[in-house]
Amino acid sequence: MMPLAGIALAPLLVSPPALRPSPRGSVAAEAARRPRARGRVRCSAAAASGGGGGGDAGELSRATLLWRAAKLPIYSVALVPLTEGIANIWCCAMTNPISILYLRLDAAVLVITWLNLSNDVYDSDTGADKNKKESVVNLVGSRAVTQYAANISLLLGFVGLFWAFAEAGDVRFIFLVICAIACGYVYQCPPFRLSYRGLGEPLCFAAFGPLATTAFYFSNSIRSISSGIMLLPLNKTVIASSILVGLTTTLILFCSHFHQIDGDRAVGKMSPLVRIGTKAGARLVTLGIVTLYTLLVAFGITKCLPSSCIVLGALTLPLGKWVVDYVLKNHDDNSKIFMAKYYCVRLHALFGMALASGLVLARNGVLL
């Protein structure tokens, strides 16, 4: 399944491209370059923390800035709900949905592109991204161009999703998609900007968990000339997997705020971490990881998920512990905690792959 391959590659898209060492030059020349390299590392750390210090902007590699602005690892949040929806079809409906996958994938990626670009636009309006060198608005130098690109991405994405709805004919799909997009809008766009009131995480959970995952499941309803529309039934397996996807996605958003607390507080963006601080936030991450795996086991015991999902999901436990240990150790170090969200992306991607693979194995009679 192509989405699984994409998710498997997502964890590799975490670190910005590194400069290749030159095969030429002496040891002395290499030593002479080290102070400059250390300066660049300090500059990168300052950029990660959202600060304006740490060196001149020109010292920060433009490739690194572009990499961060593109946010490629974050696109796993489009892949995972789609993959879970497809895997639920494969497991529960016993049909082959692969032939209608690609249109939904393209549309989902375009919607995430809108979400990322418009977030940069509206954060630039409030001044939250004033010192964020990797902001698309700051890189492009034009708020209007970034806004146009965001709007075009949303339009094209919605066209693709509506096309999928026209093929499936299940009104539940397009309704849930509109609700998910509405969550993204009220999260960041005026006059709502609910993320500034600390409501970003609940909106994120709803949008990418129950709404998006269930929507992509419904998108595979079948329109037949002879029998009309064959609607897929909503079942406990879809609900359980959507809750787990929502939790891992929310962890990404929550951890992305650790290094932005000072900047968020300055512009009145009252994220949960601004309200409770990094130490309590680190404990909340621990609680979130514990809740994730507790629910995984509970869903297995109650037969909401097949045993294959539980076994494969449990294999990601070391990565979950890694996230917990890293956040507890570095929650107050902006130069390091910046990477926490990317480690959460790894967990999100691999946990999603484990769930989807477990559903596929269950269909084939492996660890039912």
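This tour moves through a predicted model, from its nonpolar core to annotated segments and then to one leucine.

**Nonpolar core.** Begin by selecting F173, V285, L305 and V327, the residues with the most contacts inside the largest nonpolar core, which has 86 residues. Next, select residues 340-363, helix α16; this helix gives the most to the core, with ten residues.

**F173.** Return to F173 and display its surroundings. Setting aside residues up to four places away in sequence, F173 touches L161, A164 and F165, and also A215, F216, F218 and S219.

**Annotated segments.** Now colour the ranges that an unreviewed UniProt entry annotates as "transmembrane region": residues 148-165, 171-187, 238-259, 280-299 and 345-362. Residues 171-187 are 100% helix and 0% strand, with the end C-alpha atoms 24 Å apart. Residues 238-259 are 82% helix and 0% strand, and here the end C-alpha atoms are 34 Å apart.

**L253.** Select L253, which lies in helix α10, residues 236-255. Is this residue buried or exposed? L253 counts as buried because its relative accessibility is 14%, whereas the cut-off for burial is under 20%. Show its contacts next: apart from residues up to four places away in sequence, L253 touches Y187, G200, E201 and C204. Finally, draw a distance between the C-alpha atoms of L253 and V345; the two residues are 92 residues apart along the chain, and these atoms are separated by 9.7 Å.

Note on methods. Residues are numbered from 1 along each chain as its sequence is written. This is a predicted model: local features need pLDDT of at least 70, side-chain atom pairs count only at pLDDT 80 or more; totals for chains, interfaces and linings use all residues. Side-chain values use heavy atoms; hydrogens and water are left out. A nonpolar core is a set of buried Ala, Val, Leu, Ile, Met, Phe, Trp, Tyr and Cys residues joined through side-chain atoms within 4.5 Å. Buried means under 20% relative accessible area, exposed over 50%, partly exposed in between (1.4 Å probe, protein chains only). Helices (H or I, at least four residues) and strands (E, at least two) are DSSP runs, numbered from the N terminus. Contact means heavy atoms within 4.5 Å. UniProt positions are given in the numbering used here, feature names are shortened, and annotations may be inferred rather than shown by experiment.
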